[in-house]
There are 2 protein chains.
Amino acid sequence: MELKTRINSAIAQNIADARAEPAPAQLAAALDYACFPGGARVRPTILMSVALACGDDAPRVTDAAASALEIIHCASLVHDDLPCFDDADFRRGKPSVHRAFSEPLAVLTGDSLIILAFEILTRAAGQDPKRALDLLGILAKRTGMPNGICAGQGWESEDTIDLGAYHRSKTGALFIAATQMGAVAAGHEAEPWYELGARIGEAYQVADDLRDVLYDEKVLGKPAGQDDLLGRPSAVDQFGVQGAIQRLNDILSGAIASIPSCPGEAMLAKLVRKQAEALTPVAPAVAKA
Amino acid sequence: MELKTRINSAIAQNIADARAEPAPAQLAAALDYACFPGGARVRPTILMSVALACGDDAPRVTDAAASALEIIHCASLVHDDLPCFDDADFRRGKPSVHRAFSEPLAVLTGDSLIILAFEILTRAAGQDPKRALDLLGILAKRTGMPNGICAGQGWESEDTIDLGAYHRSKTGALFIAATQMGAVAAGHEAEPWYELGARIGEAYQVADDLRDVLYDEKVLGKPAGQDDLLGRPSAVDQFGVQGAIQRLNDILSGAIASIPSCPGEAMLAKLVRKQAEALTPVAPAVAKA
(Lines give C-alpha, C1' and ligand atoms only; values in the text may rest on other atoms or scores of the structure.)
Protein backbone atom coordinates (compact mmCIF):
# COMPACT_ATOMS: atom_id res chain seq x y z
CA MET A 1 0.00 0.00 0.00
CA GLU A 2 2.74 2.43 1.00
CA LEU A 3 4.75 1.50 -2.12
CA LYS A 4 1.77 2.20 -4.35
CA THR A 5 1.35 5.64 -2.79
CA ARG A 6 5.03 6.38 -3.37
CA ILE A 7 4.78 5.19 -6.99
CA ASN A 8 1.60 7.15 -7.72
CA SER A 9 3.03 10.27 -6.17
CA ALA A 10 6.13 10.07 -8.40
CA ILE A 11 4.07 9.47 -11.54
CA ALA A 12 1.64 12.28 -10.67
CA GLN A 13 4.49 14.78 -10.27
CA ASN A 14 6.03 13.75 -13.60
CA ILE A 15 2.73 13.92 -15.45
CA ALA A 16 2.12 17.37 -13.95
CA ASP A 17 5.48 18.54 -15.39
CA ALA A 18 4.47 17.26 -18.85
CA ARG A 19 1.11 19.03 -18.59
CA ALA A 20 2.60 22.42 -17.72
CA GLU A 21 2.12 25.56 -19.85
CA PRO A 22 2.02 25.85 -22.84
CA ALA A 23 0.68 22.28 -23.27
CA PRO A 24 -2.37 21.77 -25.50
CA ALA A 25 -5.24 20.95 -23.14
CA GLN A 26 -6.61 17.71 -24.58
CA LEU A 27 -3.26 15.98 -25.01
CA ALA A 28 -2.34 17.14 -21.51
CA ALA A 29 -5.54 15.60 -20.13
CA ALA A 30 -4.94 12.39 -22.08
CA LEU A 31 -1.50 11.91 -20.48
CA ASP A 32 -3.14 11.92 -17.08
CA TYR A 33 -6.06 9.75 -18.23
CA ALA A 34 -3.63 7.11 -19.56
CA CYS A 35 -1.79 6.85 -16.21
CA PHE A 36 -4.55 7.38 -13.60
CA PRO A 37 -6.24 5.61 -12.00
CA GLY A 38 -3.58 2.96 -12.51
CA GLY A 39 -3.74 -0.79 -12.57
CA ALA A 40 -1.86 -2.90 -10.03
CA ARG A 41 1.39 -0.97 -10.72
CA VAL A 42 3.09 -4.36 -10.74
CA ARG A 43 6.29 -3.40 -12.59
CA PRO A 44 7.19 -0.34 -10.47
CA THR A 45 6.25 -2.30 -7.31
CA ILE A 46 8.78 -4.97 -8.27
CA LEU A 47 11.32 -2.28 -9.13
CA MET A 48 10.91 -0.52 -5.79
CA SER A 49 10.93 -3.81 -3.88
CA VAL A 50 14.26 -4.74 -5.46
CA ALA A 51 15.63 -1.24 -4.74
CA LEU A 52 14.52 -1.55 -1.10
CA ALA A 53 16.04 -5.03 -0.89
CA CYS A 54 19.30 -3.45 -2.11
CA GLY A 55 19.22 -0.61 0.43
CA ASP A 56 17.40 2.15 -1.53
CA ASP A 57 20.17 4.62 -0.75
CA ALA A 58 19.04 7.14 -3.43
CA PRO A 59 15.24 7.16 -3.08
CA ARG A 60 14.71 9.96 -5.62
CA VAL A 61 16.54 7.89 -8.24
CA THR A 62 14.33 4.91 -7.34
CA ASP A 63 11.22 7.10 -7.64
CA ALA A 64 12.35 8.27 -11.08
CA ALA A 65 13.06 4.72 -12.23
CA ALA A 66 9.71 3.39 -11.01
CA SER A 67 7.80 6.27 -12.54
CA ALA A 68 9.60 6.00 -15.89
CA LEU A 69 8.98 2.26 -16.10
CA GLU A 70 5.26 2.51 -15.31
CA ILE A 71 4.84 5.44 -17.73
CA ILE A 72 6.43 3.38 -20.54
CA HIS A 73 4.05 0.55 -19.65
CA CYS A 74 1.05 2.92 -19.80
CA ALA A 75 2.29 4.20 -23.19
CA SER A 76 2.42 0.64 -24.51
CA LEU A 77 -1.15 0.00 -23.33
CA VAL A 78 -2.42 3.12 -25.12
CA HIS A 79 -0.79 2.08 -28.41
CA ASP A 80 -1.73 -1.61 -28.01
CA ASP A 81 -5.38 -0.59 -27.63
CA LEU A 82 -5.42 1.35 -30.95
CA PRO A 83 -7.83 0.16 -33.68
CA CYS A 84 -4.94 -1.20 -35.78
CA PHE A 85 -3.80 -3.46 -32.90
CA ASP A 86 -6.30 -4.79 -30.33
CA ASP A 87 -9.04 -2.25 -31.14
CA ALA A 88 -9.92 -2.29 -27.45
CA ASP A 89 -12.78 -0.04 -26.35
CA PHE A 90 -11.98 -0.46 -22.66
CA ARG A 91 -8.90 -0.50 -20.47
CA ARG A 92 -8.76 -0.65 -16.67
CA GLY A 93 -12.55 -0.50 -16.60
CA LYS A 94 -12.96 2.76 -18.53
CA PRO A 95 -12.91 3.73 -22.22
CA SER A 96 -9.48 3.35 -23.82
CA VAL A 97 -7.63 6.59 -24.68
CA HIS A 98 -8.54 6.58 -28.38
CA ARG A 99 -12.22 6.08 -27.44
CA ALA A 100 -12.24 8.73 -24.71
CA PHE A 101 -10.23 11.27 -26.74
CA SER A 102 -9.41 10.37 -30.36
CA GLU A 103 -7.06 8.19 -32.34
CA PRO A 104 -4.59 11.02 -33.12
CA LEU A 105 -4.49 11.95 -29.44
CA ALA A 106 -3.93 8.30 -28.48
CA VAL A 107 -0.94 8.03 -30.83
CA LEU A 108 0.46 11.29 -29.41
CA THR A 109 -0.24 10.22 -25.83
CA GLY A 110 1.82 7.07 -26.32
CA ASP A 111 4.62 9.01 -28.03
CA SER A 112 4.67 11.72 -25.35
CA LEU A 113 4.71 9.18 -22.51
CA ILE A 114 7.62 7.26 -24.08
CA ILE A 115 9.61 10.49 -24.33
CA LEU A 116 8.59 11.52 -20.80
CA ALA A 117 9.98 8.25 -19.41
CA PHE A 118 13.41 9.00 -20.87
CA GLU A 119 13.18 12.62 -19.71
CA ILE A 120 12.45 11.53 -16.13
CA LEU A 121 15.55 9.32 -16.05
CA THR A 122 17.65 12.07 -17.63
CA ARG A 123 16.59 14.45 -14.85
CA ALA A 124 17.58 11.83 -12.25
CA ALA A 125 21.17 12.52 -13.31
CA GLY A 126 20.91 15.50 -10.95
CA GLN A 127 21.02 12.93 -8.13
CA ASP A 128 23.43 10.43 -9.69
CA PRO A 129 24.61 10.68 -13.33
CA LYS A 130 26.11 7.17 -13.47
CA ARG A 131 22.94 5.47 -12.22
CA ALA A 132 20.75 7.66 -14.45
CA LEU A 133 22.72 6.65 -17.54
CA ASP A 134 22.60 2.96 -16.61
CA LEU A 135 18.83 3.24 -16.07
CA LEU A 136 18.41 4.95 -19.46
CA GLY A 137 20.34 2.14 -21.13
CA ILE A 138 18.24 -0.58 -19.52
CA LEU A 139 14.93 1.13 -20.25
CA ALA A 140 15.86 1.75 -23.89
CA LYS A 141 17.01 -1.84 -24.39
CA ARG A 142 13.86 -3.34 -22.88
CA THR A 143 11.49 -0.99 -24.70
CA GLY A 144 12.76 -0.66 -28.26
CA MET A 145 14.29 -2.88 -30.92
CA PRO A 146 15.55 -5.58 -31.14
CA ASN A 147 14.89 -6.81 -27.55
CA GLY A 148 12.16 -4.62 -26.09
CA ILE A 149 8.39 -4.51 -26.01
CA CYS A 150 8.27 -2.91 -29.49
CA ALA A 151 10.08 -5.96 -30.86
CA GLY A 152 7.61 -8.18 -28.96
CA GLN A 153 4.66 -6.44 -30.56
CA GLY A 154 6.48 -6.54 -33.91
CA TRP A 155 6.63 -10.35 -33.78
CA GLU A 156 2.84 -10.40 -34.12
CA SER A 157 3.25 -9.17 -37.71
CA GLU A 158 5.49 -12.11 -38.67
CA ASP A 159 4.27 -15.28 -40.38
CA THR A 160 6.70 -17.38 -38.40
CA ILE A 161 7.18 -16.44 -34.75
CA ASP A 162 10.32 -17.07 -32.70
CA LEU A 163 8.31 -17.93 -29.55
CA GLY A 164 11.25 -17.49 -27.17
CA ALA A 165 12.14 -14.04 -28.52
CA TYR A 166 8.45 -13.12 -28.69
CA HIS A 167 7.69 -13.83 -25.03
CA ARG A 168 11.01 -12.49 -23.74
CA SER A 169 10.38 -9.16 -25.45
CA LYS A 170 6.58 -8.89 -25.38
CA THR A 171 6.03 -9.62 -21.69
CA GLY A 172 9.43 -10.36 -20.19
CA ALA A 173 11.21 -7.15 -21.20
CA LEU A 174 9.58 -4.76 -18.72
CA PHE A 175 9.93 -7.26 -15.86
CA ILE A 176 13.63 -7.61 -16.64
CA ALA A 177 13.76 -3.81 -16.68
CA ALA A 178 11.93 -3.76 -13.32
CA THR A 179 14.39 -5.96 -11.44
CA GLN A 180 17.49 -4.53 -13.12
CA MET A 181 16.43 -0.90 -12.75
CA GLY A 182 15.56 -1.50 -9.09
CA ALA A 183 19.04 -2.85 -8.44
CA VAL A 184 20.78 -0.09 -10.42
CA ALA A 185 18.73 2.66 -8.72
CA ALA A 186 20.18 1.43 -5.41
CA GLY A 187 23.74 1.23 -6.73
CA HIS A 188 23.89 -2.53 -7.40
CA GLU A 189 24.89 -4.33 -10.62
CA ALA A 190 22.11 -5.02 -13.13
CA GLU A 191 23.25 -8.37 -14.50
CA PRO A 192 22.54 -10.65 -11.49
CA TRP A 193 18.92 -9.45 -11.53
CA TYR A 194 18.19 -10.51 -15.11
CA GLU A 195 16.90 -13.97 -14.26
CA LEU A 196 14.42 -12.88 -11.58
CA GLY A 197 12.86 -10.40 -14.00
CA ALA A 198 12.79 -12.89 -16.86
CA ARG A 199 11.08 -15.53 -14.70
CA ILE A 200 8.50 -13.14 -13.29
CA GLY A 201 7.82 -12.10 -16.89
CA GLU A 202 7.31 -15.71 -17.95
CA ALA A 203 4.92 -16.21 -15.04
CA TYR A 204 2.92 -13.16 -16.06
CA GLN A 205 2.72 -14.35 -19.63
CA VAL A 206 1.31 -17.73 -18.54
CA ALA A 207 -1.06 -16.05 -16.05
CA ASP A 208 -2.25 -13.65 -18.74
CA ASP A 209 -2.87 -16.52 -21.13
CA LEU A 210 -4.89 -18.27 -18.40
CA ARG A 211 -6.91 -15.17 -17.54
CA ASP A 212 -7.65 -14.57 -21.21
CA VAL A 213 -9.22 -18.03 -21.44
CA LEU A 214 -10.88 -18.25 -18.01
CA TYR A 215 -12.24 -14.79 -17.27
CA ASP A 216 -14.80 -12.55 -18.91
CA GLU A 217 -14.54 -8.91 -19.92
CA LYS A 218 -16.06 -7.62 -16.66
CA VAL A 219 -13.30 -9.21 -14.57
CA LEU A 220 -10.50 -8.35 -17.01
CA GLY A 221 -11.59 -4.74 -17.55
CA LYS A 222 -10.73 -5.33 -21.22
CA PRO A 223 -11.98 -7.66 -23.99
CA ALA A 224 -11.55 -11.40 -23.20
CA GLY A 225 -10.56 -14.18 -25.58
CA GLN A 226 -8.27 -11.83 -27.50
CA ASP A 227 -5.38 -14.28 -27.87
CA ASP A 228 -7.56 -16.86 -29.59
CA LEU A 229 -9.35 -14.22 -31.63
CA LEU A 230 -6.10 -12.65 -32.81
CA GLY A 231 -4.36 -16.00 -33.33
CA ARG A 232 -1.68 -15.21 -30.76
CA PRO A 233 0.37 -18.09 -29.33
CA SER A 234 -0.74 -19.03 -25.78
CA ALA A 235 0.56 -21.29 -22.98
CA VAL A 236 -2.96 -22.70 -22.57
CA ASP A 237 -2.93 -23.97 -26.18
CA GLN A 238 0.42 -25.56 -25.48
CA PHE A 239 -0.17 -27.13 -22.02
CA GLY A 240 -3.92 -26.99 -21.32
CA VAL A 241 -5.38 -25.11 -18.34
CA GLN A 242 -4.08 -27.40 -15.56
CA GLY A 243 -0.71 -27.76 -17.27
CA ALA A 244 -0.40 -24.00 -17.55
CA ILE A 245 -1.24 -23.53 -13.84
CA GLN A 246 1.45 -26.10 -12.92
CA ARG A 247 3.92 -24.30 -15.17
CA LEU A 248 3.09 -20.98 -13.52
CA ASN A 249 3.98 -22.41 -10.11
CA ASP A 250 7.20 -23.97 -11.39
CA ILE A 251 8.32 -20.67 -12.91
CA LEU A 252 7.61 -18.76 -9.69
CA SER A 253 9.60 -21.27 -7.63
CA GLY A 254 12.47 -20.76 -10.05
CA ALA A 255 12.08 -17.00 -9.68
CA ILE A 256 12.44 -17.22 -5.89
CA ALA A 257 15.48 -19.47 -6.22
CA SER A 258 17.12 -16.95 -8.56
CA ILE A 259 17.00 -13.95 -6.19
CA PRO A 260 20.57 -12.65 -5.79
CA SER A 261 22.04 -12.42 -2.31
CA CYS A 262 21.11 -9.02 -0.82
CA PRO A 263 19.92 -7.54 2.49
CA GLY A 264 16.25 -7.88 1.54
CA GLU A 265 16.37 -11.36 -0.01
CA ALA A 266 13.71 -12.85 2.32
CA MET A 267 11.36 -9.89 1.79
CA LEU A 268 11.64 -10.30 -1.97
CA ALA A 269 10.92 -14.02 -1.81
CA LYS A 270 7.78 -13.18 0.17
CA LEU A 271 6.76 -10.63 -2.45
CA VAL A 272 7.14 -13.13 -5.29
CA ARG A 273 5.09 -15.70 -3.34
CA LYS A 274 2.37 -13.08 -2.83
CA GLN A 275 2.42 -12.27 -6.56
CA ALA A 276 2.15 -15.98 -7.27
CA GLU A 277 -1.05 -16.20 -5.23
CA ALA A 278 -2.47 -13.12 -6.95
CA LEU A 279 -1.55 -14.52 -10.35
CA THR A 280 -2.94 -18.03 -10.05
CA PRO A 281 -6.53 -18.02 -11.31
CA VAL A 282 -8.78 -19.38 -8.51
CA ALA A 283 -12.18 -17.90 -9.28
CA PRO A 284 -14.30 -20.61 -10.92
CA ALA A 285 -17.46 -18.55 -10.22
CA VAL A 286 -16.42 -16.05 -12.88
CA ALA A 287 -14.83 -18.58 -15.24
CA LYS A 288 -16.41 -18.71 -18.67
CA ALA A 289 -18.34 -21.83 -19.66
CA MET B 1 27.92 16.61 -49.40
CA GLU B 2 30.55 15.34 -46.99
CA LEU B 3 28.31 16.18 -44.05
CA LYS B 4 25.46 14.19 -45.55
CA THR B 5 27.73 11.16 -45.93
CA ARG B 6 28.81 11.49 -42.31
CA ILE B 7 25.18 11.81 -41.17
CA ASN B 8 23.96 8.87 -43.24
CA SER B 9 26.80 6.69 -42.06
CA ALA B 10 25.95 7.39 -38.41
CA ILE B 11 22.25 6.71 -38.96
CA ALA B 12 22.97 3.51 -40.92
CA GLN B 13 25.14 2.14 -38.10
CA ASN B 14 22.47 2.91 -35.50
CA ILE B 15 19.68 1.39 -37.54
CA ALA B 16 21.82 -1.73 -38.06
CA ASP B 17 22.16 -2.07 -34.26
CA ALA B 18 18.38 -1.87 -33.87
CA ARG B 19 17.88 -4.50 -36.59
CA ALA B 20 20.24 -7.03 -35.00
CA GLU B 21 19.15 -10.51 -33.88
CA PRO B 22 16.58 -11.41 -32.62
CA ALA B 23 14.62 -8.58 -34.28
CA PRO B 24 11.37 -9.48 -36.05
CA ALA B 25 12.13 -9.12 -39.79
CA GLN B 26 9.38 -6.79 -41.00
CA LEU B 27 9.70 -4.24 -38.21
CA ALA B 28 13.48 -4.37 -38.71
CA ALA B 29 13.02 -3.63 -42.42
CA ALA B 30 10.55 -0.84 -41.67
CA LEU B 31 13.09 0.97 -39.44
CA ASP B 32 15.46 1.12 -42.38
CA TYR B 33 12.71 2.03 -44.85
CA ALA B 34 11.64 4.97 -42.67
CA CYS B 35 15.17 6.44 -42.56
CA PHE B 36 16.61 5.61 -46.02
CA PRO B 37 16.84 7.06 -48.57
CA GLY B 38 16.57 10.23 -46.52
CA GLY B 39 15.32 13.67 -47.37
CA ALA B 40 17.58 16.70 -47.23
CA ARG B 41 18.77 15.79 -43.69
CA VAL B 42 18.35 19.47 -42.87
CA ARG B 43 18.20 19.18 -39.08
CA PRO B 44 21.32 17.01 -38.61
CA THR B 45 23.16 19.17 -41.19
CA ILE B 46 22.44 22.26 -39.08
CA LEU B 47 23.43 20.33 -35.94
CA MET B 48 26.76 19.23 -37.43
CA SER B 49 27.44 22.68 -38.89
CA VAL B 50 27.00 24.26 -35.45
CA ALA B 51 29.20 21.56 -33.89
CA LEU B 52 31.89 22.22 -36.51
CA ALA B 53 31.58 25.96 -35.96
CA CYS B 54 32.20 25.25 -32.26
CA GLY B 55 35.27 23.08 -32.90
CA ASP B 56 33.71 19.56 -33.10
CA ASP B 57 36.19 18.24 -30.52
CA ALA B 58 34.18 15.05 -29.84
CA PRO B 59 33.09 13.93 -33.32
CA ARG B 60 31.51 10.67 -32.12
CA VAL B 61 29.27 12.63 -29.78
CA THR B 62 28.34 14.91 -32.70
CA ASP B 63 27.58 11.87 -34.86
CA ALA B 64 25.34 10.43 -32.13
CA ALA B 65 23.52 13.74 -31.70
CA ALA B 66 22.94 14.21 -35.44
CA SER B 67 21.76 10.63 -35.87
CA ALA B 68 19.42 10.77 -32.88
CA LEU B 69 17.86 14.03 -34.06
CA GLU B 70 17.24 12.81 -37.61
CA ILE B 71 15.86 9.50 -36.34
CA ILE B 72 13.36 11.35 -34.14
CA HIS B 73 12.39 13.43 -37.17
CA CYS B 74 11.87 10.26 -39.27
CA ALA B 75 9.75 8.79 -36.44
CA SER B 76 7.56 11.89 -36.45
CA LEU B 77 7.06 11.62 -40.22
CA VAL B 78 5.98 7.97 -39.93
CA HIS B 79 3.39 8.80 -37.27
CA ASP B 80 2.26 12.02 -39.01
CA ASP B 81 1.55 10.03 -42.18
CA LEU B 82 -0.78 7.58 -40.37
CA PRO B 83 -4.41 7.40 -41.52
CA CYS B 84 -5.61 9.12 -38.32
CA PHE B 85 -3.36 12.15 -39.04
CA ASP B 86 -2.44 13.14 -42.62
CA ASP B 87 -3.40 9.78 -44.16
CA ALA B 88 -0.49 10.27 -46.58
CA ASP B 89 0.09 7.49 -49.12
CA PHE B 90 3.51 8.85 -50.13
CA ARG B 91 6.56 10.27 -48.37
CA ARG B 92 9.88 11.19 -49.95
CA GLY B 93 8.61 9.90 -53.30
CA LYS B 94 7.75 6.37 -52.14
CA PRO B 95 4.83 4.77 -50.30
CA SER B 96 4.58 5.85 -46.66
CA VAL B 97 5.50 3.24 -44.02
CA HIS B 98 1.91 2.24 -43.22
CA ARG B 99 1.22 1.77 -46.94
CA ALA B 100 4.42 -0.18 -47.63
CA PHE B 101 4.16 -2.32 -44.48
CA SER B 102 1.02 -1.95 -42.36
CA GLU B 103 -0.51 0.42 -39.86
CA PRO B 104 0.57 -1.62 -36.80
CA LEU B 105 4.13 -1.73 -38.14
CA ALA B 106 4.07 2.02 -38.78
CA VAL B 107 3.03 2.73 -35.18
CA LEU B 108 5.78 0.39 -33.93
CA THR B 109 8.35 1.89 -36.32
CA GLY B 110 7.72 5.34 -34.92
CA ASP B 111 7.84 4.06 -31.34
CA SER B 112 11.05 2.09 -31.95
CA LEU B 113 12.77 5.02 -33.64
CA ILE B 114 11.88 7.39 -30.78
CA ILE B 115 13.38 4.94 -28.29
CA LEU B 116 16.42 4.36 -30.53
CA ALA B 117 17.16 8.09 -30.55
CA PHE B 118 17.38 8.15 -26.77
CA GLU B 119 19.40 4.95 -26.76
CA ILE B 120 21.96 6.44 -29.19
CA LEU B 121 22.49 9.46 -26.93
CA THR B 122 22.72 7.23 -23.86
CA ARG B 123 25.49 5.24 -25.55
CA ALA B 124 27.35 8.48 -26.34
CA ALA B 125 27.96 8.73 -22.58
CA GLY B 126 30.85 6.34 -23.27
CA GLN B 127 32.59 9.32 -24.92
CA ASP B 128 31.33 12.08 -22.60
CA PRO B 129 28.67 11.48 -19.92
CA LYS B 130 28.01 15.18 -19.22
CA ARG B 131 27.41 16.05 -22.88
CA ALA B 132 25.31 12.91 -23.42
CA LEU B 133 23.02 13.84 -20.53
CA ASP B 134 22.67 17.43 -21.76
CA LEU B 135 21.83 16.13 -25.25
CA LEU B 136 19.23 13.74 -23.79
CA GLY B 137 17.62 16.61 -21.92
CA ILE B 138 17.41 18.83 -25.00
CA LEU B 139 16.07 16.08 -27.25
CA ALA B 140 13.41 15.07 -24.71
CA LYS B 141 12.30 18.67 -24.17
CA ARG B 142 12.01 19.39 -27.90
CA THR B 143 10.26 16.12 -28.74
CA GLY B 144 7.69 15.50 -25.99
CA MET B 145 5.24 17.53 -23.91
CA PRO B 146 4.70 20.39 -23.24
CA ASN B 147 7.23 22.04 -25.63
CA GLY B 148 8.16 19.44 -28.24
CA ILE B 149 6.85 18.21 -31.57
CA CYS B 150 4.26 16.01 -29.83
CA ALA B 151 2.81 19.13 -28.25
CA GLY B 152 2.87 20.80 -31.67
CA GLN B 153 0.90 17.98 -33.22
CA GLY B 154 -1.39 17.96 -30.16
CA TRP B 155 -2.37 21.58 -30.83
CA GLU B 156 -4.10 20.42 -34.03
CA SER B 157 -6.72 18.69 -31.85
CA GLU B 158 -7.63 21.92 -30.06
CA ASP B 159 -10.55 24.16 -31.00
CA THR B 160 -8.55 27.25 -30.13
CA ILE B 161 -4.90 27.23 -31.13
CA ASP B 162 -2.13 29.20 -29.40
CA LEU B 163 -0.37 30.00 -32.69
CA GLY B 164 2.94 30.93 -31.09
CA ALA B 165 3.14 27.74 -29.03
CA TYR B 166 1.90 25.72 -32.02
CA HIS B 167 4.63 26.86 -34.43
CA ARG B 168 7.40 26.88 -31.82
CA SER B 169 6.68 23.25 -30.97
CA LYS B 170 5.40 21.85 -34.28
CA THR B 171 8.24 23.08 -36.53
CA GLY B 172 10.58 25.11 -34.35
CA ALA B 173 11.32 22.48 -31.71
CA LEU B 174 13.63 20.24 -33.75
CA PHE B 175 15.51 23.24 -35.19
CA ILE B 176 16.08 24.54 -31.67
CA ALA B 177 17.25 21.02 -30.80
CA ALA B 178 19.54 21.08 -33.86
CA THR B 179 21.43 24.26 -32.97
CA GLN B 180 21.54 23.54 -29.22
CA MET B 181 22.59 19.90 -29.62
CA GLY B 182 25.29 20.91 -32.10
CA ALA B 183 26.74 23.37 -29.59
CA VAL B 184 26.50 20.94 -26.66
CA ALA B 185 28.07 18.08 -28.66
CA ALA B 186 31.13 20.33 -29.09
CA GLY B 187 31.24 21.33 -25.43
CA HIS B 188 29.54 24.74 -25.72
CA GLU B 189 26.55 26.09 -23.79
CA ALA B 190 23.09 25.39 -25.26
CA GLU B 191 21.28 28.58 -24.30
CA PRO B 192 22.96 31.11 -26.69
CA TRP B 193 21.95 28.86 -29.61
CA TYR B 194 18.23 28.93 -28.91
CA GLU B 195 17.44 31.94 -31.08
CA LEU B 196 19.20 30.69 -34.22
CA GLY B 197 17.26 27.42 -34.03
CA ALA B 198 13.96 29.16 -33.33
CA ARG B 199 14.41 31.53 -36.29
CA ILE B 200 15.42 28.78 -38.71
CA GLY B 201 12.34 26.89 -37.52
CA GLU B 202 10.11 29.89 -38.22
CA ALA B 203 11.63 30.23 -41.69
CA TYR B 204 10.95 26.57 -42.42
CA GLN B 205 7.37 26.91 -41.25
CA VAL B 206 6.76 29.84 -43.61
CA ALA B 207 8.59 28.08 -46.47
CA ASP B 208 6.54 24.92 -45.86
CA ASP B 209 3.31 26.94 -45.94
CA LEU B 210 4.42 28.50 -49.24
CA ARG B 211 5.40 25.18 -50.80
CA ASP B 212 2.10 23.65 -49.71
CA VAL B 213 0.25 26.37 -51.64
CA LEU B 214 2.58 26.75 -54.65
CA TYR B 215 3.77 23.26 -55.52
CA ASP B 216 2.06 20.08 -56.62
CA GLU B 217 2.39 16.55 -55.25
CA LYS B 218 5.09 15.54 -57.76
CA VAL B 219 7.45 18.27 -56.56
CA LEU B 220 6.63 17.83 -52.89
CA GLY B 221 6.86 14.02 -52.88
CA LYS B 222 3.77 14.12 -50.62
CA PRO B 223 0.17 15.35 -50.96
CA ALA B 224 -0.11 19.12 -51.65
CA GLY B 225 -2.68 21.56 -50.30
CA GLN B 226 -2.81 19.68 -46.98
CA ASP B 227 -2.83 22.76 -44.76
CA ASP B 228 -5.91 24.16 -46.41
CA LEU B 229 -7.56 20.75 -46.57
CA LEU B 230 -6.91 20.04 -42.90
CA GLY B 231 -7.75 23.58 -41.81
CA ARG B 232 -4.26 24.16 -40.43
CA PRO B 233 -3.14 27.75 -39.78
CA SER B 234 -0.73 29.00 -42.50
CA ALA B 235 1.50 32.06 -43.00
CA VAL B 236 0.12 32.39 -46.54
CA ASP B 237 -3.42 32.87 -45.19
CA GLN B 238 -2.07 35.51 -42.87
CA PHE B 239 0.28 37.47 -45.18
CA GLY B 240 -0.47 36.35 -48.77
CA VAL B 241 2.20 34.74 -51.00
CA GLN B 242 4.40 37.81 -51.49
CA GLY B 243 4.05 38.84 -47.86
CA ALA B 244 5.08 35.37 -46.75
CA ILE B 245 8.17 35.42 -49.01
CA GLN B 246 9.17 38.80 -47.53
CA ARG B 247 8.64 37.43 -44.03
CA LEU B 248 10.82 34.41 -44.85
CA ASN B 249 13.71 36.69 -45.85
CA ASP B 250 13.31 38.87 -42.75
CA ILE B 251 13.39 35.83 -40.50
CA LEU B 252 16.54 34.48 -42.15
CA SER B 253 18.31 37.84 -41.79
CA GLY B 254 17.41 37.74 -38.11
CA ALA B 255 18.74 34.19 -37.90
CA ILE B 256 22.13 35.26 -39.28
CA ALA B 257 22.27 38.20 -36.88
CA SER B 258 21.59 35.88 -33.95
CA ILE B 259 24.57 33.53 -34.52
CA PRO B 260 26.63 33.48 -31.31
CA SER B 261 30.29 34.41 -31.50
CA CYS B 262 32.28 31.25 -32.31
CA PRO B 263 35.21 30.17 -34.53
CA GLY B 264 32.91 29.16 -37.39
CA GLU B 265 30.54 32.14 -37.28
CA ALA B 266 31.14 33.18 -40.92
CA MET B 267 30.71 29.62 -42.19
CA LEU B 268 27.39 29.34 -40.36
CA ALA B 269 26.11 32.62 -41.80
CA LYS B 270 26.95 31.27 -45.27
CA LEU B 271 25.05 28.06 -44.53
CA VAL B 272 21.95 29.95 -43.40
CA ARG B 273 22.11 32.11 -46.56
CA LYS B 274 22.34 28.95 -48.66
CA GLN B 275 19.36 27.48 -46.84
CA ALA B 276 17.49 30.71 -47.49
CA GLU B 277 18.03 30.33 -51.23
CA ALA B 278 16.95 26.70 -51.13
CA LEU B 279 13.87 27.60 -49.09
CA THR B 280 12.54 30.52 -51.12
CA PRO B 281 10.11 29.21 -53.72
CA VAL B 282 11.32 30.40 -57.20
CA ALA B 283 9.88 27.83 -59.57
CA PRO B 284 6.80 29.36 -61.26
CA ALA B 285 6.89 26.59 -63.91
CA VAL B 286 5.72 24.07 -61.31
CA ALA B 287 3.46 26.44 -59.40
CA LYS B 288 -0.17 25.42 -59.35
CA ALA B 289 -2.71 27.56 -61.17
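A salt bridge here is a side-chain nitrogen of Lys or Arg within 4 Å of a carboxyl oxygen of Asp or Glu. By that rule, the side chains of B:Asp17 and B:Arg123 pair up, with 3.5 Å from N to O. This is a predicted model, so local features need pLDDT of at least 70 and side-chain atom pairs count only at pLDDT 80 or more, while totals for chains, interfaces and linings use all residues. Residues are numbered from 1 along each chain as its sequence is written, chains are lettered from A in the order in which they are written, and side-chain values use heavy atoms, with hydrogens and water left out.

**How the two chains meet**

- On the chain B side, 48 residues are in contact with 48 residues of chain A, where contact means heavy atoms within 4.5 Å.
- About 4,100 Å² is buried between chain B and chain A, and carbon and sulfur atoms give 74% of that. Buried area is the accessible area (1.4 Å probe) that two parts lose on being put together, summed over both.
- Three residues stand out: B:Ile115, B:Leu133 and B:Met145 supply 17% of the area that chain B buries against chain A, more than any other three residues.
- Between chain B and chain A there are zero salt bridges.
- Eight residue pairs do make polar contact across this interface, with both residues at pLDDT 80 or more. A polar contact is a pair of N or O atoms within 3.5 Å; within protein, one must be able to donate a hydrogen and the other to accept it, and residues adjacent in sequence count only if both atoms are side-chain atoms.

**What the chain B side is made of**

- Helices H1 (2-18), H2 (25-35), H6 (103-123), H7 (129-143) and H8 (149-155) of chain B each supply at least two residues of the side that touches chain A. Helices (H or I, at least four residues) and strands (E, at least two) are DSSP runs, numbered from the N terminus.
- H6(B) gives the largest share of that side, with twelve residues.
- Sorted by type, the chain B side has 30 nonpolar, eleven polar and seven charged residues. Ala, Val, Leu, Ile, Met, Phe, Trp, Tyr, Cys and Pro count as nonpolar, Asp, Glu, Lys and Arg as charged, and the others, Gly among them, as polar.

**Salt bridges within the chains**

- Over all chains, the structure holds 32 salt bridges.
- In one of them, A:Asp81 joins A:Arg91, the closest N and O atoms being 2.9 Å apart. A:Asp81 is buried at 4% relative accessibility, and A:Arg91 is buried too, at 17%. Buried means under 20% relative accessible area, exposed over 50%, partly exposed in between (1.4 Å probe, protein chains only).
- Another links A:Glu195 and A:Arg199 at 2.7 Å, N to O. Both lie in helix H10 (residues 194-214) of chain A, four residues apart, about one turn of the helix.
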